[in-house]
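Me: Could you walk me through reading a model like this, feature by feature? I'd like the general idea and then the case at hand.

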Amino acid sequence: LPESGVPQLVQPMIWDYTADLDVEGKVQLIEKYRRCGFSKVWFASAFKGATGVNQSLTLIGHHLKNHLQWLEVAKRTPPDALEGIALTGWQRYDHFSVLCELLPVAIPSLAVCLQALKNGGYSEQVKENVEKLLGMSNLEIDSFMR
């Protein structure tokens, strides 16, 4: 693979939307990519649309846990290996499925995930920042927003 020149032309993106992703497995995968000549990798997470084909509301806690796991992977990865993270927000599972988790109901999840990434984690201060930004009095992480 290194002799093919491909690692100089592309950067792999590692996709995982689970709340309990295998941090050690991802670190090992990045090491394998680096041994193959890829100097940079991307992560891909989701702030909505990755928990069920007919899901209508966004469970923020699931997506927050996913981002916290990606932060853990980033901490255990050489600093020069990570190019960035793509926050995806899926609206359907395939072209034949109904729409799921429309953007308006997922904006709190997007805000929480972005703030967690920006601040390197989630804390009461991050929660308060999101509530202030969105004009909310009570951000619910582990249950569906009312």
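Predicted model: local features only at pLDDT ≥ 70, side-chain atom pairs only at ≥ 80, totals over all residues.

Me: Fine. How many helices and strands does the chain have, and in what pattern?

Reply: Elements here are DSSP runs numbered from the N terminus: helices are H or I with at least four residues, strands are E with at least two. The chain has four helices and three strands, and along the sequence they run β-α-β-α-β-α-α. The C-alpha atoms fill a box of roughly 55 × 40 × 20 Å along the principal axes.

Me: What share of contacts joins residues at least 24 apart?

Reply: A contact means heavy atoms within 4.5 Å. Taking contacts between residues at least 6 apart in sequence, 73% join residues at least 24 apart.

Me: And how do I read burial and cores?

Reply: In soluble globular proteins, nonpolar side chains tend to be buried together. Buried means under 20% relative accessible area, exposed over 50%, and partly exposed in between (1.4 Å probe, protein chains only). Of the 146 residues in this chain, 38% are buried. A nonpolar core is a set of buried Ala, Val, Leu, Ile, Met, Phe, Trp, Tyr and Cys residues joined through side-chain atoms within 4.5 Å.

Me: Which residues make up the largest core?

Reply: There are 10 in all: Ile14, Leu21, Val23, Val27, Ile30, Val41, Phe43, Trp70, Val73 and Ala81. The elements giving two or more residues to this core are α1 (23–35), β2 (41–48) and α2 (60–75), with α1 supplying the largest share, three residues. A second, separate core has eight residues, including Leu64, Ala116, Val130 and Ile141.

Me: What does Trp70 touch?

Reply: Leaving out residues up to four places away in sequence, Trp70 touches Ile14, Trp15, Asp16, Leu21, Lys26, Phe43, Ala44, Ser45 and Ile85.

Me: Now the charges. How many salt bridges are there?

Reply: Side chains of opposite charge can pair when their charged atoms come close. The cut-off is a side-chain nitrogen of Lys or Arg within 4 Å of a carboxyl oxygen of Asp or Glu, and the structure holds four such bridges. One of them joins Glu24 and Arg76 at 2.1 Å, N to O. Glu24 is in helix α1 and Arg76 in the loop between α2 and β3, 52 residues apart. Arg34 pairs with Asp80, with the closest N and O atoms 3.6 Å apart. Arg34 lies in α1 and Asp80 in the loop between α2 and β3, so this pair ties together parts 46 residues apart in sequence.

Me: What does Glu131 pair with?

Reply: Glu131 bridges to Lys127, with the closest N and O atoms 3.4 Å apart. They're four residues apart in helix α4, so about one helical turn separates them. Glu131 is buried at 11%, and Lys127 counts as buried too, at 16%.

Me: Why are there zero disulfides?

Reply: A disulfide is a covalent bond between the sulfur atoms of two cysteines. The test is two cysteine sulfur atoms within 2.5 Å, and the structure holds zero disulfides. The sulfur of Cys100 has its closest cysteine sulfur in Cys113, 15 Å away, so that is too far for a bond. Cys100 is buried at 0%, and Cys113 is buried at 0%.

Me: Last one: where is Glu101, and what is its phi?

Reply: Most residues other than glycine have a negative phi. Glu101 has a positive phi, near 40 degrees. Glu101 is in the loop between β3 (82–89) and α3 (103–119) and is buried at 1%.

Methods:
Residues numbered from 1 in each chain as written. Heavy atoms only, no water.
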